[in-house]
Amino acid sequence: MEPVYILGVGMHPFGRYPDKLISDMVEDAVTDALKDAGLAWQDIELAYAANGQPGQHGQRFLRGLGLSGVPIINVENACAGGSSAFFSACMAVGAGAADVALAVGYEQMARGMIGANMARPMTHESVNGLFAMPGMFGMVARNLMHEHGVTARDLALVSVKNHHNGVFNPRAQYRMETPVEDVLASRMIADPLTLLMCAPTTDGAAAVVVGSRRAAARYANGVYIRLVAAAQRSEPYAGTEVSRPDIRTMTMQASRAAYEQGGLGPEDLDLVELHDCFAPAEISHYENLGLCAVGDGAKLVREGATNIEGRIPVNPSGGLLSKGHPISATGAAQICELTWQLRGEAGQRQVAGRSGQGPTIGLAHNPGGITASLSFAHVNVHILKREDALA
Amino acid sequence: MTSSEKAPAKPLTTAGRPGAFMLPGAAAPAALLGGHCRSCGAYDFPRGRFCPRCSAAAMEEVPLSTRGNIHTWSTVYQDPGPSFVGAKPFTIVTVELPEGVRVVSTLSVAMPPEELRVGLPLVLDVVSVGSDADGNDCYDFRFRPA
């Protein structure tokens with residue numbers, strides 16, 4: 001595969017915009033990404049559009065930018081939609097199908113628990129409320145508590161950290177500090193998860209323009225953000241060694257594959273944006289991504305190792321908990337954050353990197369979906385690297 | 001069910017598959033019907049055509065144990081929406097059966113949180129969940145403390 005570079009990124013701020021047109025949010029995110037790249041809409045040769053709702057096709061929401069005739073492919077991969085669009089755009093450029101490609105994710109969501117307002121046919125899953133994501137992650141949390149001594153306070157500390165980071169992100173949905181007592185005292189959603197341990201529903205859009213070495217030589221200005229790993233997995237057979245729903249194995253396998261591709265390890269990372277849809281997911285994924293040994297995840301957040309100033313900053317953007325989680329936009333927004341951080345453009349939430357001279361390597365982790373067997377469906381792990389010269 | 005009721009008793013689908021459990025009858029008690037791979041020995045629930053571990057088309061149908069233990073659980077306070085049948089709040093459980101299979105369902109009886117614990121012995125329960133659009137009396141499986 002030929003080298004692939006991030007040329008530009010853009011986001012419509014995440015939040016609640018029930019009266020805004022989806023096309024306006026998409027146009028804003030794409031326009032920002034194009035401006036960031038120094039490109040025009042006519043320069044996009046291929047586009048991947050991610051959304052989680054039926055009928056919300058990219059052709060509807062991108063045509064307002066101009067009828068350029070650009071091929072547009074729709075991507076639906078639940079919470080992993082944005083990173084799946086990004087993966088696809090990178091693969092197309094890496095294979096030489098386009099010099100410049102766009103990945104965009106967007107979502108406008110109903111309030112309340114995902115799917116709660118939906119009338120479903122009578123099945124074992126529907127009459128038992130098993131599609132309730134908080135219940136699934138309540139079980140993940142209970143498992144962490146039982147097997148590794150994680151406490152409700154540890155879960156709350158994840159929310160405290162990510163909400164603190166979100167205060168410094170102008171594009172985050174919630175820019176407020178949440179003291180640990182407030183997190184623990186907020187409404188119980190799915191024991192032991194309180195409201196502030198759950199990502200909100202969110203509206204928003206995020207866009208990434210990727211390009212070939214030739215395009216990077218022409219448009220990037222001396223700082224090159226290169227894709228060094230792109231690994232994907234669907235649910236692997238994991239026997240009974242891990243809990244089902246199994247949040248662990250898929251991410252463990254995808255991250256190992258990504259480290260191998262990139263010729264590096266978790267110890268080389270300067271920052272991580274991971275999928276903290278619920279607080280226990282962040283603790284589990286510290287372990288699944290190899291940032292620490294299995295069972296030591298809570299220790300990282302207790303010791304502050306994953307703070308912006310810590311040994312390995314995780315979710316400096318505020319994560320899903322604070323920045324918000326507009327399903328198919330989330331994975332693309334993670335790539336935006338890594339890019340800003342690697343360029344040193346993240347303002348008050350800028351991480352220093354292991355060298356203290358700015359970060360050079362960042363990882364994005366974006367799983368999604370739940371199959372009929374109540375397992376997690378798909379995960380993408382991408383690693384980006386800042387370089388001072390073209391590869 | 002008694003023989004005087006006209007509408008047929010219908011078990012709900014599980015993971016999109018019909019026939020995942022057997023209603024209690026004259027000859028046999030209620031049971032979950034799993035798959036057992038004749039090639040590698042793996043179990044699955046519900047039974048598919050292919051083995052989840054080795055992909056062999058060698059899955060034979062086997063009734064699974066009706067007793068298991070709580071592997072993990074969560075009591076859900078948020079309204080799960082109009083499709084849910086039962087009292088709220090409700091407790092989601094992952095139940096580990098002796099075969100090593102883990103099954104996700106809810107408790108058929110309300111239990112105070114302080115009585116719930118990992119390892120708690122449970123037994124299969126069959127519950128009436130109302131009738132579907134075609135007027136069939138529908139049944140589903142849940143678990144209750146053994």
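A residue counts as buried when its relative accessible area is under 20%, as exposed when that value is over 50%, and as partly exposed in between, using a 1.4 Å probe and protein chains only. With that in hand, buried residues make up 47% of the 146 residues in chain B.

## About the model

This is a predicted model, in which local features need pLDDT of at least 70 and side-chain atom pairs count only at pLDDT 80 or more, while totals for chains, interfaces and linings use all residues. Residues are numbered from 1 along each chain as its sequence is written, chains are lettered from A and ligands numbered from 1 in the order in which they are written, and side-chain values use heavy atoms, with hydrogens and water left out.

## Chain B as a whole

Chain B holds 10 strands and 0 helices; here helices (H or I, at least four residues) and strands (E, at least two) are DSSP runs, numbered from the N terminus. The radius of gyration of chain B, taken over C-alpha atoms, is 16 Å, close to the 15 Å from the globule rule for 146 residues, so chain B is as compact as a globular protein of that length. That rule is 2.2 Å times the number of residues to the power 0.38. The C-alpha trace of chain B spans about 45 × 40 × 30 Å along its principal axes.

Contact means heavy atoms within 4.5 Å. Of the contacts in chain B between residues at least 6 apart in sequence, 47% join residues at least 24 apart.

## Charges on chain B

Chain B carries 13 positive and 14 negative side chains, and the centres of the two sets lie 5 Å apart. Lys and Arg count as positive and Asp and Glu as negative, with His and the chain ends not counted. Each charge is placed at NZ of Lys, CZ of Arg, CG of Asp or CD of Glu.

## A strand of chain A and its partners

Now to chain A, where strand S11 (residues 376–387) has 9 of its 12 residues buried, so it is largely enclosed by the rest of the structure. Two strands pair if DSSP finds at least two bridges between them. Strand S8 (residues 224–234) of chain A pairs with S11(A) in the antiparallel sense over 10 bridges, and Ala229(A) has Ile383(A) in S11(A) as its bridge partner.

Strand S10 (residues 361–370) of chain A also pairs with S11(A) in the antiparallel sense, over 9 bridges. Here, the bridge partner of Ala364(A) is His382(A) in S11(A).

## A buried serine

Ser322(A) sits in helix H12 (residues 319–323) of chain A. At 0% relative accessibility, Ser322(A) counts as buried. Leaving aside residues up to four places away in sequence, Ser322(A) touches Asn162(A), His163(A), Gly166(A), Ala172(A), Gln173(A) and Tyr174(A).
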